[in-house]
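Please keep the sequence and the structure in view while reading.

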Amino acid sequence: MSNININDNVAHPLAKFRNHLEFNGFHVDEEEDVILCRHPRKYNMLIRNVPERGVLISVLYTVNDNIKRVDLLEYLNQINMEILFSKTYVDEENNFILDTFFEGDYDRSNFSLILENIEADLSFIGEHPDTEKFLG
């Protein structure tokens with residue numbers, strides 16, 4: 001990944017998000033207007049700057065190879081009906097993606113709440129009886 005030195009440029013829209021996540025134990029790599037966040041015990045995510053709007057937060061998982069597409073879509077439909085704060089879908093590379101959006105500029109309290117919301121949705125997904133069958 002190309003290093004754009006978000007840490008050195010306090011005017012960059014992702015700088016405060018990066019600092020927040022590093023403080024919470026995430027290892028952060030950066031590339032242009034995207035940061036990749038990895039954590040040893042939590043979910044991994046991408047945060048993408050959407051100029052003049054906020055940031056898109058995406059959590060990615062792999063889908064098990066032996067799953068029929070129709071069964072996977074039924075599972076996604078069940079998940080989307082129950083989770084409260086995010087949406088899920090499968091991309092063209094067969095990755096399961098959970099997306100949520102943070103509107104506006106960084107705010108410590110609101111960003112902490114959005115991370116809690118992501119964890120709540122992921123907790124529901126983790127407890128769903130079919131998750132282990134579908135996600136790797």
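## The nonpolar core

A nonpolar core is here a set of buried Ala, Val, Leu, Ile, Met, Phe, Trp, Tyr and Cys residues joined through side-chain atoms within 4.5 Å, where buried means under 20% relative accessible area, exposed over 50% and partly exposed in between (1.4 Å probe, protein chains only). The model is predicted, with local features needing pLDDT of at least 70 and side-chain atom pairs counting only at pLDDT 80 or more, while totals for chains, interfaces and linings use all residues. Residues are numbered from 1 along each chain as its sequence is written, and side-chain values use heavy atoms, with hydrogens and water left out.

The largest nonpolar core holds 32 residues, among which L21, M45, I47, I57, F111 and I125 touch the most other members. Elements giving two or more residues to this core include helix 1 (15-23), strand 3 (45-50), strand 4 (54-62) and helix 3 (108-127); helices (H or I, at least four residues) and strands (E, at least two) are DSSP runs numbered from the N terminus. Helix 3 gives the most to this core, with six residues. Beyond its neighbours within four places in sequence, F111 is in contact (heavy atoms within 4.5 Å) with F17, H20, L21, I47, I57, F102 and Y106.

Six strands form an open sheet in the order 1-2-3-4-6-5, with antiparallel pairing; two strands pair if DSSP finds at least two bridges between them. Strand 1 (27-31) and strand 5 (87-90) are at the edges with a single partner strand each, so one side of each has no neighbour in the sheet. Strand 5 is joined to the antiparallel strand 6 by four bridges, and T88 stands opposite L98 in strand 6.

Within strand 3 lies N49, which is buried, with a relative accessible area of 14%. Leaving out residues up to four places away in sequence, N49 touches P13, L14, D33, G54 and V55.

## Helix 3

Helix 3 has 20 residues and spans 29 Å from its first C-alpha to its last, close to the 28 Å expected at 1.5 Å a residue, the expected span being 1.5 Å times one less than the number of residues.

Buried residues of helix 3 are F111, I114, L115, I118, D121, L122 and I125. Seen down the helix 3 axis, the buried residues fall within an arc of 125 degrees, so they line one face of the helix; the arc is that of the directions from the helix axis to the C-beta atoms. The face turned away from this buried side carries the exposed residues E116 and E127.
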